[in-house]
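Open the model in your viewer and keep the selection tool handy.

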Amino acid sequence: MKHMLQDEQSRHKCMDAFGFQPQNEVTGFLFAAAKERAKTVELLGGHAAAIVRDSAIMPCQFERGACRTADADGEIAPAPGEPRPTLLDLLRRLDAVEGIDRYRISSIEPDLLSHEIIEWVARQSRAFMPHFHIPLQCGSDAVLRLMGRRYDTALFADRIRMINDLLPDAFIGVDVIAGARGETPERWRESYGFIESLGITRLHVFPYSERPGTRALGLPDAVPVAERHRRVHDLTALSDARLQAFSEGQLGRVRPVLWERYRGNTLNGLTDNYLRVEAPVPGGMDPESFTNTITNVRLTAVDGETMTGEHVG
């Protein structure tokens, strides 16, 4: 089961359920569907500061006020009379909620992903997984400025290096737009070279598309559609190679897998570091009994985007 609370009605329903009122434009709602025992909850906003996935394995009664909203600077709107908490304060409170075994930080702007958050996930967190999804959009500072981004490539590279150092097995997904206006051939080569230099796991690549009425239409150096798709092809090939290398590097490792579903006698789930795994049901056991449980699995083979595993213990 997968919940994606993106539309306005779902967002306000989420807030009402836990006694929150909108104090600014909400960037990400956290842990909404645990009462339904959902395995995966995705809560997306325009500049989502945090996202929760792989939510409650057991039903959970949420503490009122544990969740606030985050503004574009990563600050959490306080209740009247309360000091202004930070995004890290919110993550710590989520980590303390009993009954939720996994959270994933996703769609977080790199300038919001502070050193303190990365270090906390690596060294102190109970339930935040070694998995980050971070939008880059382009590896050229000139194009990032045209896009109005609040970060540059130096900041982005710094965050990736810190994750690599403290969480060497972390899955790092990165969003990239190929062929945006202003991405001249020189800037494209610069962007590709920068992305290639990063220790990331996978790219989520999107061709730039024109949208009527947007400021971007006034920018110079439009990229022909055919060239946009060629750049998508090159970035996708890089992504496939990185994912393959990352998966092969996990062979022989034992990782906890949350089993989401099964077909026949084959279980299917996700490791803590976001690798899709299939494993046979142990002899004589009911596959349904594994759904929404976590077991240790040794990763034994890679087949495309799916790994094969064997149960341990």
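Throughout this tour, contact means heavy atoms within 4.5 Å. Helices (H or I, at least four residues) and strands (E, at least two) are DSSP runs, numbered from the N terminus.

A word on the ground rules. This is a predicted model, in which local features need pLDDT of at least 70 and side-chain atom pairs count only at pLDDT 80 or more, while totals for chains, interfaces and linings use all residues. Residues are numbered from 1 along each chain as its sequence is written, and side-chain values use heavy atoms, with hydrogens and water left out.

**The whole chain**

Start with everything selected. The protein chain has seven helices and eleven strands. Of its 313 residues, 50% are buried (under 20% relative accessible area, with exposed over 50% and partly exposed in between, using a 1.4 Å probe and protein chains only). Among contacts between residues at least 6 apart in sequence, 68% join residues at least 24 apart.

**Stop 1: α6 and α7**

Select residues 185–197 for α6 and residues 225–249 for α7. The two helices pack at an angle of about 10°, with their axes 11 Å apart. Here axes are lines fitted to C-alpha atoms, for helices over the stretch in contact, and angles run from 0 to 180 degrees between N-to-C directions. That angle makes α6 roughly parallel to α7; angles under 35 degrees count as roughly parallel, over 145 as roughly antiparallel, 65 to 115 as roughly perpendicular and the rest as oblique.

Now show side chains. From α6, Pro185, Trp188, Tyr192, Ile195 and Glu196 meet Arg230, Arg231, Asp234, Leu235, Leu238 and Arg242 of α7. Colour this contact by class and you will find six nonpolar, no polar and five charged residues. In this scheme Ala, Val, Leu, Ile, Met, Phe, Trp, Tyr, Cys and Pro count as nonpolar, Asp, Glu, Lys and Arg as charged, and the others, Gly among them, as polar.

**Stop 2: Ser247**

Stay on α7 and pick Ser247, which lies in this helix. Is Ser247 buried or exposed? Its relative accessibility is 3%, so Ser247 counts as buried. Leaving aside neighbours within four places in sequence, Ser247 is in contact with Leu275, Val302 and Met307.

**Stop 3: α3 and α5**

Next, select α3 (residues 115–123) and α5 (residues 153–166), whose axes are 10 Å apart at an angle of about 15°. That makes α3 roughly parallel to α5. On the α3 side you will see His115, Ile118, Glu119, Ala122 and Arg123, which meet Asp158, Arg159, Met162, Ile163 and Leu166 in α5. This contact divides into five nonpolar, one polar and four charged residues.

**Stop 4**

**Stop 5: Ala170**

Finish at Ala170, in the loop between α5 and β5 (171–178). Ala170 is buried, with a relative accessible area of 5%. Not counting residues up to four places away in sequence, Ala170 touches Pro130, Ile163, Thr201 and Phe246. Draw a distance from the C-alpha atom of Ala170 to that of Thr201, 31 residues apart along the chain, and the separation is 8.4 Å.
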